[in-house]
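Dear colleague,

I am passing on the structure we spoke about, which you will find just below. After it come my notes, arranged by topic.

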Amino acid sequence: MTAIGLDVRAEVRTWIGANWDPDRPLLEWRTLLADSGWAAPSWPVECFGRGLSPEADAIVADELSQAGAVGVPVGVGIGLAAPTLLAHGSPELKARLLRRILTGEDMWCQLFSEPGSGSDLAGLTTRADRDGDEWIVSGQKVWNTSAHHAELGLLLARTNWDATKHEGITCFAIPMQQPGVEVRPLRQMNGHASFNEVFFDDARVPAANMIGEPGDGWRVAVTTLMYERRGAALQRPRFTAPDGRTVREAIAEADEYFATYSWYPQRAGRADLVIDAARAIGVAGDPLVRQKIASVVSLQRVNQWTAARAAAARTLGRPPGPEGSLAKLAASNLARAAYDTHASIASAQGMLSGPDSFLDGVVAEVLVSVPAVSIAGGTDEIQRNIIGERVLGLPKEPSVDRDVAFRTIARNTR
Ligand SMILES: Cc1cc2nc3c(=O)[nH]c(=O)nc-3n(C[C@H](O)[C@H](O)[C@H](O)COP(=O)(O)OP(=O)(O)OC[C@H]3O[C@@H](n4cnc5c(N)ncnc54)[C@H](O)[C@@H]3O)c2cc1C
């Protein structure tokens with residue numbers, strides 16, 4: 001560990017020792033943590049951080065965990081909204097919104113995709129029109145994870161129809177709890193309802209909640225997407241000392257938040273279960289099954305090393321780049337290989353769901369959840385385009401609508 005790392009460890013350990021009281025209300029503890037700068041030590045001092053290197057974030061998280069103390073809430077707020085605000089938000093917006101992300105007062109969702117604009121995100125047609133100190137928003141978003149319990153949404157809306165498709169978009173932090181916003185859950189084929197349709201009917205967003213300038217939305221969105229692709233799997237925090245009011249409240253918060261994501265391990269393919277599954281069903285000696293397992297385990301190891309390289313780059317403070325697309329594609333390949341191996345091992349039993357079926361129905365859930373991994377956060381084909389263009393330097397994908405006023409582009413109208 002670096003000398004800086006040792007200093008940080010010692011300093012935060014002393015601070016936790018002096019301040020952690022397991023019986024404080026959760027909000028009071030998180031407020032103290034945010035105001036001390038230890039909630040996000042790598043953020044700038046003027047943004048509730050300490051201006052330290054990203055290495056400090058991991059050290060502080062480790063010290064909090066060792067002390068049995070609660071850290072910042074995980075989710076779209078800290079993972080996507082915060083880095084987007086830090087990169088593009090006005091000083092006033094950062095001051096107003098970042099602290100509430102750290103304290104858990106605001107949950108966020110991402111309002112990018114639309115029925116006609118997923119891969120072609122820049123073709124979005126949800127509109128925002130300026131009205132004094134506010135913008136009025138109308139349109140529809142879809143596949144918005146956790147929108148049903150979000151206070152704020154990271155919204156992309158079209159604000160200029162005469163600019164090109166990429167230059168007429170603006171990003172906002174829109175309050176979700178208002179009459180003009182309707183959130184409707186979507187039921188997935190695995191039975192969960194983690195994402196939603198979101199309808200805007202003259203919803204209002206204060207002009208001060210604009211992230212970046214009008215027309216900057218595409219640049220802002222690229223930042224969000226790079227963090228999304230690089231993002232580590234959404235992990236429920238582990239509570240090492242589950243006693244006391246603070247931890248009890250944090251467990252309740254995590255239970256509610258992570259209910260939405262309970263199928264995410266299955267969506268990743270559950271490569272960790274293939275060997276146990278083969279043993280349980282008695283096919284661990286089958287040469288074809290063994291080959292498949294070896295291939296899954298190899299892919300898993302390679303992905304772990306790729307993730308470790310990405311984590312090292314993060315620790316060194318490097319901003320995310322197109323390598324996130326490589327990791328995302330690798331995760332899709334692993335999930336599909338694990339899916340295929342689980343299907344070979346479990347055979348017809350893999351179709352049985354519920355707690356009294358093979359591996360408590362986990363294999364059945366894997367089989368209907370894995371397709372999502374190749375879609376969420378940009379499809380495999382889109383990652384290949386990004387890798388082709390930005391890593392391999394291949395010519396850009398042909399486009400007929402990139403350089404003309406968005407208003408003139410032929411598209412389906414609602
Ligand atoms: C689990 C999950 C969670 C999600 N959460 C959110 C969220 O919180 N917020 C949010 O805004 N969105 C979310 N999404 C939406 C996601 O970002 C979109 O589904 C994704 O970008 C694909 O868009 P689409 O569904 O419209 O598919 P389309 O863009 O219609 O794609 C259909 C097919 O065409 C292919 N294709 C499209 N364009 C090209 C091209 N140029 N070259 C080659 N092939 C192409 C695609 O690869 C795909 O196979 C989520 C999706 C999933 C599955």
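How many bridges join strand E6 to E7? Six bridges join strand E6 (residues 181-186) to E7, and the two run antiparallel; helices (H or I, at least four residues) and strands (E, at least two) are DSSP runs, numbered from the N terminus, and two strands pair if DSSP finds at least two bridges between them.

Before going on, please note that this is a predicted model, in which local features need pLDDT of at least 70 and side-chain atom pairs count only at pLDDT 80 or more, while totals for chains, interfaces and linings use all residues. Residues are numbered from 1 along each chain as its sequence is written, and side-chain values use heavy atoms, with hydrogens and water left out.

To return to the strands, the bridge partner of Val181 in E7 is Phe200. Strand E7 (residues 195-206) also pairs with strand E3 (residues 134-142), in the antiparallel sense and over eight bridges, and there Lys141 stands opposite Val198. Strand E7 also contains Asp202, which has a positive phi of about 55° although it is not a glycine. Ser347, likewise not a glycine, has a positive phi of about 50° and is found in the loop between helix H11 (323-346) and helix H12 (362-369).

Now to the ligand. Among the polar contacts (pairs of N or O atoms within 3.5 Å), a polar side-chain atom of Glu381 lies 2.6 Å from an oxygen atom of the ligand, whereas a nitrogen atom of the ligand has a backbone N or O atom of Gln110 at 2.9 Å. For Asn385, a polar side-chain atom lies 3.3 Å from a nitrogen atom of the ligand. On its own the ligand has 970 Å² of accessible area (Shrake-Rupley method, 1.4 Å probe), of which the protein covers 70%.

Arg50 lies over the face of Trp38, at 3.9 Å from the ring centre, and the charged end of Arg184 sits over the ring of Phe199, 4.1 Å from its centre.

Notes. A charge sits over a ring if NZ of Lys or CZ of Arg is within 6 Å of the ring centre and within 35 degrees of the ring normal. A polar contact is a pair of N or O atoms within 3.5 Å; within protein, one must be able to donate a hydrogen and the other to accept it, and residues adjacent in sequence count only if both atoms are side-chain atoms.
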